[in-house]
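Here is a briefing on the ligand sites of a structure. Look at the model first, then read the points below.

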Amino acid sequence: MQEIKIYKTDAPKAKPTGALGFGKIFTDHMFIMEYTAGQGWHDPRIVPYAPIELDPSAMVFHYAQEIFEGLKAYRTKDGSIQLFRPYENANRMNRSADRLCIPEIDPDFWVKAVSTLVEVDKDWVPYEEGTSLYIRPFVIATDPMLGVHPSKTYKFIIILSPVGSYYAGGLSPVRIYIETKFVRAVRGGTGEAKAGGNYAASIKSQEVSESLGFSQVLWLDGVEQKYIEEVGAMNVFFKIDGKVVTPALVGSILPGITRKSTIELLKDWGYEVEERRLSAAEVEEAAKAGKLEEMFGTGTAAVISPVGLLRIGDVDITINNGEIGPLSQKLYDTLTGIQWGRVEDTKNWVYKI
Ligand code: PLP
Ligand code: COI
């Protein structure tokens with residue numbers, strides 16, 4: 001495996017005090033390596049966090065040949081630091097890479113790059129309840145070229161950001177509305193890849209949702225605009241009449257690692273989990289019949305995020321009186337318990353730094 005050279009900053013920044021929010025503060029260092037066709041990935045190094053220089057014609061600026069990941073490092077009560085299922089992120093990044101014609105990265109090296117950078121910036125992993133160090137690995141196409149084709153050069157960069165909760169209200173239930181005008185992804189598109197372009201296409205709806213007092217939108221399928229897909233930064237689950245239903249991974253939905261972990265936990269606890277097509281109409285019917293017991297989103301940034309109000313067309317559905325349901329709470333406690341080392345990791349999900 002290639003050696004990662006480390007060049008430490010001689011001007012470390014002051015650590016933040018007060019509420020962290022999400023993704024606004026960056027640590028002292030970043031990881032960077034380059035890819036050149038014929039040579040492969042080379043020159044892995046950790047350097048002081050700083051702007052990077054790119055040619056204005058770099059392909060990423062024009063055709064969005066870019067992919068990213070998101071995971072977190074958690075501080076346990078004995079002061080140690082751990083990651084949650086990092087190989088899942090490494091492997092998903094390679095699947096995204098394949099879809100975007102980006103060269104893959106050896107998963108062992110990927111995890112080594114992440115953990116070495118976290119180790120270098122370990123003092124930035126916050127201690128306060130509910131906080132963590134968000135890790136953002138990404139790859140950009142850097143060829144200075146305006147023809148539409150796969151780039152022959154890339155940069156793989158990892159940056160770190162100490163974070164609190166993604167939503168301003170923390171674990172309080174969020175308000176979500178179902179987007180009926182725009183779509184995020186279609187089958188055969190890039191929806192199941194973690195590609196920046198997917199998010200660019202979602203910003204307009206996000207803006208509208210925030211202006212109406214909602215946290216995010218829930219996307220419907222891109223063909224019939226009938227079936228539930230996912231929320232802006234989370235997969236979504238519904239507890240209907242005792243069973244848990246989540247949209248199947250049909251190609252246009254991000255295969256979330258929190259989603260996968262949630263399904264495993266629910267099955268361990270004896271819940272029937274259905275991964276299938278679920279229409280907005282079915283959710284509305286279930287709510288009318290008093291059978292929609294809980295709804296929650298899952299994601300690295302969002303963790304488990306209960307949904308207290310869902311708008312479908314002009315109907316507002318209040319779920320569980322707008323309060324956190326018992327299953328959402330149990331999932332939150334268990335997942336965060338494992339992540340922060342408070343609950344025994346019987347599933348081997350934790351990766352110690
Ligand atoms: N769906 C979208 C669109 C996302 O951006 C995310 C966040 O990464 C998720 C789902 C949840 O995925 P994960 O649980 O792997 O963070
Ligand atoms: C994550 O949960 O890691 C995400 O990538 C969501 C993000 C768009 C903030």
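In this predicted model, a backbone N or O atom of Ala-301 lies 2.8 Å from an oxygen atom of ligand 2. That is a polar contact, meaning a pair of N or O atoms within 3.5 Å. The protein buries 88% of the 290 Å² that ligand 2 exposes when taken alone. Areas come from the Shrake-Rupley method with a 1.4 Å probe.

**Ligand 2**
- The side chain of Tyr-134 has an N or O atom 2.6 Å from an oxygen atom of ligand 2.
- For the side chain of Lys-194, the corresponding distance to an oxygen atom of ligand 2 is 2.8 Å.
- The residues around ligand 2 (a heavy atom within 4 Å) include Phe-22, Phe-68, Arg-136 and Tyr-166.
- By class, this shell holds seven nonpolar, two polar and two charged residues.
- Nonpolar means Ala, Val, Leu, Ile, Met, Phe, Trp, Tyr, Cys and Pro; charged means Asp, Glu, Lys and Arg; the others, Gly among them, are polar.
- Ligand 2 lies between domain 1 (5-165) and domain 2 (174-339), because both give residues to its shell. The bounds come from an automatic or database domain assignment.

**Ligand 1**
- A polar side-chain atom of Tyr-199 lies 2.5 Å from an oxygen atom of ligand 1.
- Thr-258 has a side-chain N or O atom 2.5 Å from an oxygen atom of ligand 1.
- For Arg-92, a polar side-chain atom is 2.7 Å from an oxygen atom of ligand 1.
- The protein covers 97% of the 380 Å² of accessible area that ligand 1 has on its own.
- Strand S11 (228-231), helix H6 (257-268) and strand S15 (292-299) each give two or more residues to the shell. Helices (H or I, at least four residues) and strands (E, at least two) are DSSP runs, numbered from the N terminus.
- The shell of ligand 1 has six nonpolar, seven polar and four charged residues.

**Conventions**
- Residues are numbered from 1 along each chain as its sequence is written, and chains are lettered from A and ligands numbered from 1 in the order written.
- Local features need pLDDT of at least 70, side-chain atom pairs count only at pLDDT 80 or more, and totals for chains, interfaces and linings use all residues, while side-chain values use heavy atoms, with hydrogens and water left out.

Methods: Polar contact = N/O pair within 3.5 Å; in protein donor to acceptor, adjacent residues only side chain to side chain.
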